[in-house]
Amino acid sequence: MFFDTTLTIVGILLLAGALSCKISSRFNLPTLLLFLAAGSVAEWLLPFSGTEYVEAINNFGILAMAYILYSGGLDTDMHAVKSVSLRGIMLACPGVAITALILGCGCYFLLDCRYPLVWCLLFGALISSTDAAAVFAILRSRTVGLKKDLQPLLEFESGSNDPMAAFLTLLLCSLCVGREEVNWFIEVPMVFYRLGGGVLLGIFFGWAGKYLFRIKLDFEGLYFVISVALVLLCYGGAQLLKTNGFMACYVCGVCMNGAHYNYKRGLAKFHNAVAWLMQIGLFILLGFLAQPESLFKANIWVPGVILGFLLMFVARPVAVFICLAASRHTLQEKLFISWVGIRGAAPIVLATFPLAFGVIDAQLMFRMIFLMVILSVVIQGWTLMPVARLLKMDKAASPNRERAPLELEIMHGSCDQEMREFEVSDNSELVDRTLAQIAFPAGALVTMIRRKDRFIPAHGNTLINAGDGLLIMAEEGLLQAIEKKYFKK
């Protein structure tokens, strides 16, 4: 009975988390906040306490972050990453350290020096990194559009700054409990080894995965099993080699996005679903762990709110301006990058490490971190696009129109063609012309036209209207040429 009841409640919570996106869109609420609220409700519904399962939640958090980062990599254009990699690494390494230092010193003086400086620096390290799950969820929503290369830069930073935050957390946890002396001649180079090693292993597993998916299997479902195994191997292998598994998973996803292999579209959709499942489960579990009634105690919310504002308005901007001092970013762009320092699951997951290490007053630290994450998600997540418009960093988002539910899934070695839908804009030169008059290049076939809520056959005398979706089948290179010539605004 206990097991059945627990499964039923978990199912209700997952369903509520999935449907919460409708509430989020209607009331402009950050979806991640609703997931945390669902977890807090679970604390009251389930017949046990989340604090009894700190280690299990920590392990699930690590697994969830691996799949979220891999899915984020699958959605990231490799060419966009190359152009922002140097700036992203500056924000991900020195930027995290600067943020942790400023916040740690602020915590030390705010708490009247009641705790050792190393304890306060540990607190700063926990909340020093932006969160990939939060950033991906907000920046890839249908309402967001950013100019220039701001989106890939912010996504790359959020996907690559966990190594530094995790390194600082583990090092300072050890110092807090007196487990080891620090040999800086070893530890500092190890940061670069973990970061660089994670990148190289991610490239290796991306290269290996490409060939794994090109193997012809008897059952289609086995490709999805291989895909699940690839993420586990990538993260586990990187960690066994003392590099960073999170970085490896993200880079592996980016490499897989640039490769051609069997069932690529289906696998991308599958991992998008897995990432959402992991994201919903992770935030519900972290909300379940927080014991929300404790957040209203004065010794939690007063320093938590003050430090949250210190992070948003001082520590993050200072780190961004220092790390991007030599870049060509304008003042407005730097201010916007500073504002998208959204905190989410990663800091809360890191905050479970002091609990596991037995650091003094680790529960106080965890609850303050949880409160600061809520502040960040509510304030920064809620105001991201208004701030973008204020700083003139926004651009028109793609219209929210349904895409055709028809795709041509490619099997490597059997077909080099793809089918893609292109939408005809209001000011397109194709409007009020027939397909015969347009005369797309040889090798390109318009297979069907989506018009509003129905499909119509494509004939030479078919007149094209604004808003039509043309399903065109051709080789990848030809599709790119057609998109550039006829559909780029």
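This is a dialogue about how terms are applied to a predicted model of one chain.

Student: What makes up the secondary structure of the chain?

Tutor: The chain has 20 helices and four strands. Of its 489 residues, 53% count as buried.

Student: Which part of the accessible surface belongs to carbon and sulfur atoms?

Tutor: The accessible surface of the chain is about 22,900 Å², and 65% of that belongs to carbon and sulfur atoms.

Student: What share of contacts between residues at least 6 apart in sequence joins residues at least 24 apart?

Tutor: In this chain that share is 80%.

Student: Why is Arg 450 called buried?

Tutor: Buried means under 20% relative accessible area. Arg 450 has a relative accessible area of 7%, so Arg 450 is buried.

Student: How do you know whether Glu 421 is buried or exposed?

Tutor: The relative accessible area of Glu 421 is 11%, and the cut-off for buried is under 20%, so Glu 421 is buried.

Student: What makes the meeting of Arg 450 and Glu 421 a salt bridge?

Tutor: A salt bridge needs a side-chain nitrogen of Lys or Arg within 4 Å of a carboxyl oxygen of Asp or Glu. Between the side chains of Arg 450 and Glu 421, the N to O distance is 2.5 Å, so the pair meets the definition. The two residues link distant parts of the chain, with Arg 450 in strand S2 (residues 445-451) and Glu 421 in strand S1, 29 residues apart.

Student: Which residues are linked with Arg 450 in a network of salt bridges?

Tutor: The network links Glu 421, Glu 423 and Arg 450.

Student: How many salt bridges does the structure hold?

Tutor: The structure holds six salt bridges. One of them joins the side chains of Arg 420 and Glu 483, at 3.6 Å from N to O. Arg 420 is in strand S1 (residues 417-423) and Glu 483 is in helix H20 (residues 476-487), so this pair ties together parts that are 63 residues apart in sequence.

Student: Which residues make the nonpolar surface patch of about 410 Å²?

Tutor: The patch is made by Phe 309, Phe 313, Val 314, Val 318 and Ile 322. Phe 313 is placed in helix H14 (residues 298-323).

Student: How many cavities of 30 Å³ or more does a search of the whole structure find?

Tutor: The search finds one. About 40 Å³ of space lies in the largest cavity.

Student: Which residues line the largest cavity?

Tutor: Among them are Leu 91, Gly 95, Glu 157, Arg 316 and Arg 343. Helix H5 (94-110) and H14 each supply at least two residues of the lining.

Methods: Residues numbered from 1 in each chain as written. Predicted model: local features only at pLDDT ≥ 70, side-chain atom pairs only at ≥ 80, totals over all residues. Heavy atoms only, no water. Buried < 20%, exposed > 50% of the residue type's maximum accessible area, 1.4 Å probe, protein only. Contact = heavy atoms within 4.5 Å. Areas by Shrake-Rupley, 256 points an atom, 1.4 Å probe, with all protein chains shown as cover. Patch = residues over 30% accessible without salt bridge, like charges linked within 9 Å, V, L, I, M, F, W, Y side chains within 5 Å. 1 Å grid on protein atoms, 1.4 Å probe; cavity = no way out; pocket = protein on both sides within 12 Å on 5 of 7 lines; lining within 4 Å. Points joined across faces, edges and corners; volume = space filled by probe spheres on them.
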